[in-house]
Amino acid sequence: MLSITSARFSTILALSFAFPAGSLLAQQVISARSGVVQYVEGDVTLANEILNPKAGEFPSLKKNEVLRTEQGRAEILLTPGVFLRAGENSSIRMVANSLTDTQVEFLDGSALVECDDLLKDNSIAFLHNGIKVSLQKNGLYRFDSNPARVSVYNGQAGIQAAGRNTITVRGGYQAQPEGDLAVTGFDGKLAEDALY
């Protein structure tokens with residue numbers, strides 16, 4: 001009797017190492033368009049409809065649709081390897097949802113963009129307070145509306161205001177799109193960022 005119990009325990013233990021708990025619970029999402037909502041927590045609306053996705057359901061932002069978080073958060077897959085995390089009381093609008101041309105308008109609140117795999121042929125840009133922010137390298141980027149700023153924790157972004165040349169902003173610098181588009185250094189501590 002003891003050997004059967006030991007054999008079951010050994011089998012369960014072996015399976016737990018072969019299939020970690022995260023892989024049993026997580027599901028890989030693949031889409032032909034950018035803007036797949038992977039995760040929702042709390043009060044989140046898409047096109048003025050409350051999001052309550054069931055297991056295995058992944059709604060998508062269509063062109064010109066607005067996603068709003070009230071007392072909630074959301075994670076959106078923009079392209080494979082690029083994720084946008086919207087904090088509480090935030091809103092974004094999907095301008096273009098092609099995988100090769102993704103454009104998101106950041107409207108309000110705070111959002112963190114984690115870019116782990118920026119493919120050569122993919123263009124990912126954000127419109128924010130009159131500027132266009134194009135991701136140029138893998139990295140971590142934060143958008144805030146009050147005060148309006150774009151912070152590059154690491155990576156590189158091209159920032160262009162209307163009628164001006166593109167300014168390159170590297171890790172450890174932030175741009176404030178109000179007035180003359182000031183670029184300043186900052187102490188970016190990821191551990192203190194609730195969206196990370």
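Modeller: Contact here means heavy atoms within 4.5 Å. The model is predicted: local features need pLDDT of at least 70, side-chain atom pairs count only at pLDDT 80 or more, and totals for chains, interfaces and linings use all residues. Residues are numbered from 1 along each chain as its sequence is written, and side-chain values use heavy atoms, with hydrogens and water left out.

Colleague: In which strand does His-128 lie?

Modeller: Strands (E, at least two residues) are DSSP runs, numbered from the N terminus. The run that holds His-128 covers residues 123-128. That is strand S8.

Colleague: Is His-128 buried or exposed?

Modeller: Buried means under 20% relative accessible area, exposed over 50%, partly exposed in between (1.4 Å probe, protein chains only). His-128 has a relative accessible area of 3%, so it counts as buried.

Colleague: Which backbone oxygen does the side chain of His-128 reach?

Modeller: His-128 touches residues including Phe-143, Asp-144 and Ser-145, not counting residues up to four places away in sequence. Its side chain reaches one backbone oxygen at 3.0 Å. That oxygen belongs to Asp-144.

Colleague: Why is strand S7 largely enclosed by the rest of the structure?

Modeller: Ser-110, Leu-112 and Glu-114 are buried on one side, and Ala-111, Val-113 and Cys-115 on the other. S7 is largely enclosed because of this count of buried residues: 6 of the 6.

Colleague: Over how many bridges do S7 and strand S10 pair?

Modeller: Two strands pair if DSSP finds at least two bridges between them. Glu-114 has Leu-140 in S10 as its bridge partner. S7 and S10 (residues 139-145) run in the antiparallel sense, and the bridges number 6.

Note on methods:
Helices (H or I, at least four residues) and strands (E, at least two) are DSSP runs, numbered from the N terminus. A polar contact is a pair of N or O atoms within 3.5 Å; within protein, one must be able to donate a hydrogen and the other to accept it, and residues adjacent in sequence count only if both atoms are side-chain atoms.
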